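I opened this notebook to record what I looked up on nonpolar packing and on charged pairs. The entries follow in the order in which I made them.

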Amino acid sequence: VNAIKLETAVDSGNVDNNTKYLRAGRTITAVVSVSEKVTVQGSPKFIIQVGSGNDTIELPWQSVALENGVYKLRFSKKVETTDPSGSVTYDKATCIVGIDYIKDDYNNSCLNNKLTGTGNSDLYIDTTIPETPQILNSSGNEALEGGTFNNSISFKLNNPSENTTDKAFDT
């Protein structure tokens with residue numbers, strides 16, 4: 001393993017201080033660059049850690065391709081509403097499970113991952129569903145279920161050719 005990178009496509013409205021916020025339906029992809037041609041047999045997975053606890057998300061293997069002279073393994077998953085929320089990190093040494101499924105041209109297990117440490121990303125998974133706002137009655141203790149809302153507005157009209165006149169309108 002030469003390098004690992006997490007990718008996603010989010011619009012600029014979901015980026016704050018260079019952190020990309022992923023909601024349900026967005027895809028997160030781990031791209032693992034390797035030094036030789038490999039084939040994948042079976043179902044290796046890439047494990048990301050979410051938040052500060054022990055929550056994880058498994059990204060299933062999707063493809064292997066030669067890109068600009070480098071072989072790249074891709075692991076992807078769409079974020080679901082049931083996925084945990086939090087910052088995304090990964091353990092560089094143990095992030096790929098089922099590593100024995102990745103073979104060289106001679107059918108040898110060949111993926112030698114010498115990377116260590118924690119891989120930090122600029123991704124934050126946000127699957128927390130916001131509460132529906134409520135409009136409360138004038139006492140502030142019960143939600144309005146329907147009915148009529150009354151309000152009034154007052155303003156002054158100034159016209160240089162006439163005197164100032166107070167007007168009030170009820171809506």
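I looked up the contacts of Ile48 (heavy atoms within 4.5 Å). Leaving aside residues up to four places away in sequence, Ile48 touches Leu6, Ile28, Asp55, Thr56, Ile57, Leu59, Val88, Thr89 and Ile125.

I noted the source: this is a predicted model, in which local features need pLDDT of at least 70 and side-chain atom pairs pLDDT 80 or more, while totals for chains, interfaces and linings use all residues. Residues are numbered from 1 along each chain as its sequence is written, and side-chain values use heavy atoms, without hydrogens and water.

Of its 27 residues, Val32, Phe46, Ile48 and Leu73 touch the most other members. Strand E4 (27–34) is among the elements that give two or more residues to this core, and E4 gives the most, with four. Strands are DSSP runs of at least two residues, numbered from the N terminus.

Next I counted seven salt bridges, each a side-chain nitrogen of Lys or Arg within 4 Å of a carboxyl oxygen of Asp or Glu. In one of them, Glu7 pairs with Arg74, the closest N and O atoms being 3.5 Å apart. Glu7 lies in strand E1 and Arg74 in strand E8, so the pair ties together parts 67 residues apart in sequence.

I also checked Glu80 and Lys77, whose salt bridge has its closest N and O atoms 3.4 Å apart. Buried means under 20% relative accessible area, exposed over 50%, and partly exposed in between (1.4 Å probe, protein chains only). Glu80 is partly exposed at 42%, whereas Lys77 is buried at 16%.

Definitions and conventions
Core = buried A, V, L, I, M, F, W, Y, C linked by side-chain atoms within 4.5 Å.
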